[in-house]
Amino acid sequence: MPYNPRRGYVYSSRPSPYRTYNARPARQSGNRRKETIHPSRFIKAAQNVEEIPYEPTHVFGDFALHEVLRRNIDRRGFTTPSPIQDQAIPAGLVGQDVIGIANTGTGKTLAFALPLLQRLIVDRTSRALIMAPTRELAQQIEQECRQLAKGSGLFGALLIGGAAMNPQLIDLKVKPQIIIGTPGRIKDHLERGSLTLDNVNIVVLDEVDRMLDMGFVNDMRFILRQLAPVRQSFFFSATLNTAVNNLIRTFSSDPVTISVKTGETADGVEQNIVTYGSHTDKIEKLHDLLIDQAVTKALIFDETQRSVERLSRELHDRGFKVDAIHGGKTQGQRQKALNRFKANDITILVATDVAARGIDVSDISHVINFSTPQSYVDYVHRIGRAGRAGRTGHALTFVDSSTAARLVVPSR
């Protein structure tokens, strides 16, 4: 998008389909050994999770925010904060380090963006870094921050792979107050000397667990060591396992932990398998699934960039409204496909696991695993794209008939 970085708070994220910077290969699950997952784990009835009504302590008008932020919040129609916002924003505004444990889609971006932007507006010497696991999530955070800080005069840079390097270099020369990006591209800029972080005193790591799953741990540690020693840190994650906890404890100071997780992401998803005997049988069964009226919007996962492209072309030739997204696409191509998916110009998106997080599309009815995932954690991330906004989603995983014939539920 052709933003002008000198008109208030906007980023210059001008992805070009013609110029790309060939950074190191994406740190995706393909470098990991594939986990053997028993087919029975792909079969589970959706649960009706009864949510306990949350009574917020605050309304947005209670928070001590700059007039610019108040005006933009009012313009967006925000009045009552979500649970994570209600608890994290006050802690962030007084300078505390925050660990936020919450499901996807609970309003985490606003929970860290408002305290961060407030500090940047009142203290123009401060700088902030926000890291996210995927280009799509980084772009969503950028768009949210840009709308919240409209008219503030803050400058930002979006540093993601798959986008042209030169516009990013130009934006960095403006000395932006906010850097948003993925760990790989941020490290690329650090190594070439186009980015320094020694005066960054606010840092946000969003979806820490996913960044660790994707193999970014060394990059994250390298980047965090470049920051100002005295800083405020925000860590948001859906899980707080040992690896996540170790990283957070190493790079934070007396954090407050806020947990508003209400259950597993996949609880509201009806899960089952589809058996097939040959490749021809597999594609025909997928075709039959997709013409079912119940499948209103489908996200299909396949294993490699090549297989995603091949499957997308096959479905297109069969008359389906489909596009593909994977790490080999430029950021402009990926964003175009996502926009078409959100706008219902297409109803099927074929993807590698790069899309397992960072896609905020509330009306996906079906997630279809045309190939099994690398791990069960990846499976949960995949199917969590369905069944959002209170709806029951559906997840179908293709399993070879010879494997399914041996389907015996393991003893527990």
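Biologist: What makes strand β13 (residues 393-400) largely enclosed by the rest of the structure?

Modeller: Six of the eight residues of β13 are buried, so the rest of the structure largely encloses this strand. Do keep in mind that we are looking at a predicted model.

Biologist: Which strands pair with β13, and how do you know that they count as paired?

Modeller: Two strands pair if there are at least two bridges between them. Strand β8 (residues 269-276) has eight bridges to β13, in the parallel sense, so that pairing meets the rule.

Biologist: Which residue of β13 is the bridge partner of Glu-270?

Modeller: That is His-394. His-394 is also the bridge partner of His-366.

Biologist: Let's turn to the rings. How many aromatic pairs are there?

Modeller: The count comes to seven aromatic pairs. One of them joins Phe-60 and Phe-78.

Biologist: Why is the pair of Phe-60 and Phe-78 called tilted?

Modeller: Their centres are 6.0 Å apart, and the limit for a pair is 6.5 Å, so they qualify. The planes make an angle of 35°; stacked needs under 30 degrees and edge-to-face over 60, so tilted is the word that remains.

Biologist: What does this pair tie together?

Modeller: Phe-60 is in the segment before α1 (67-76) and Phe-78 is in the loop between α1 and α2 (83-93), so the pair ties together parts 18 residues apart in sequence.

Biologist: Is Phe-60 buried or exposed, and how do you know?

Modeller: Its relative accessibility is 5%, and buried means under 20%, so Phe-60 counts as buried. Phe-78 has 25%, which falls between 20% and 50%, so Phe-78 is partly exposed.

Biologist: Why is the pair of Phe-112 and Phe-236 called tilted?

Modeller: The ring centres are 5.6 Å apart and the planes stand at 55°, so this pair is tilted. Phe-112 belongs to helix α3 (residues 108-122) and Phe-236 to strand β6 (residues 232-237), so parts 124 residues apart in sequence are tied together. Both Phe-112 and Phe-236 are buried.

Biologist: How do you know that the charge of Lys-297 sits over the ring of Phe-341?

Modeller: The charged end of Lys-297 is 5.0 Å from the ring centre. The distance limit is 6 Å, so that part of the test is passed.

Key: Residues are numbered from 1 along each chain as its sequence is written. This is a predicted model: local features need pLDDT of at least 70, side-chain atom pairs count only at pLDDT 80 or more; totals for chains, interfaces and linings use all residues. Side-chain values use heavy atoms; hydrogens and water are left out. Buried means under 20% relative accessible area, exposed over 50%, partly exposed in between (1.4 Å probe, protein chains only). Helices (H or I, at least four residues) and strands (E, at least two) are DSSP runs, numbered from the N terminus. A charge sits over a ring if NZ of Lys or CZ of Arg is within 6 Å of the ring centre and within 35 degrees of the ring normal.
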